[in-house]
Amino acid sequence: YWPDLWPEKDRPQVLEAVAEAQKGGTGRFQGRAPTAKGNMRWWDVAVSSIAGPDGRPEKLLSISRDITQAKAAEVQLRELNETLEARV
């Protein structure tokens, strides 16, 4: 089951995104999960539905984009901003 691939603490937002997709919308979240090789990465995830012949959601499609570098840059920028006054 796809939500089980995510750490337990992130599961509520994962299930919320799945529920939104099951209603015909697009669920989004960001979270950390391991790659197939076990490396933890940050992911930006969109979950949407694929309609069946009757127009109702039949399948779910998840698109995950690795945003690990962007998250690291955010942390670095935040740290620089916090020490800016001391450096000036």
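## Close-up views of a predicted model

**View A. R65 is exposed, with a relative accessible area of 51%.** Exposed means over 50% relative accessible area, buried under 20% and partly exposed in between (1.4 Å probe, protein chains only). Strands are DSSP runs of E with at least two residues, helices are runs of H or I with at least four, and both are numbered from the N terminus.

This is a predicted model, so local features need pLDDT of at least 70 and side-chain atom pairs count only at pLDDT 80 or more, while totals for chains, interfaces and linings use all residues. Residues are numbered from 1 along each chain as its sequence is written, and side-chain values use heavy atoms, leaving out hydrogens and water.

View B. K23 is exposed, at 65% relative accessible area, whereas E20 counts as partly exposed, at 32%. How many salt bridges does a search of the whole structure find? The search finds 8.

**View C. Three strands form an open sheet in the order 1-2-3.** The pairing is antiparallel; two strands pair if DSSP finds at least two bridges between them. Strand 1 and strand 3 (57–66) are the edge strands, each pairing on one side only. Look next at strand 1 and strand 2, which pair in the antiparallel sense over 9 bridges. Within this part of the view, G27 stands opposite V47 in strand 2.

**View D. The largest nonpolar core has 9 residues in all.** A nonpolar core is a set of buried Ala, Val, Leu, Ile, Met, Phe, Trp, Tyr and Cys residues joined through side-chain atoms within 4.5 Å. To find this one, look for W6, V14, A17, A21, F29, A33, W43, V45 and V47. Helix 1 (11–22), strand 1 (26–34) and strand 2 (40–51) each supply at least two residues of the core. Now find V45: leaving aside residues up to four places away in sequence, V45 touches W2, W6, G27, R28, F29, S62, I63 and S64. Contact means heavy atoms within 4.5 Å.

**View E. T68 is in helix 2 (residues 68–87).** Is T68 buried or exposed? T68 counts as buried, because its relative accessibility is 18%. Not counting residues up to four places away in sequence, T68 touches R41 and W42. Its side chain makes a polar contact with the side chain of R41, at 3.3 Å. A polar atom of the T68 side chain also lies 2.8 Å from the backbone nitrogen of W42. A polar contact is a pair of N or O atoms within 3.5 Å; within protein, one must be able to donate a hydrogen and the other to accept it, and residues adjacent in sequence count only if both atoms are side-chain atoms.

Terms used: A salt bridge is a side-chain nitrogen of Lys or Arg within 4 Å of a carboxyl oxygen of Asp or Glu.
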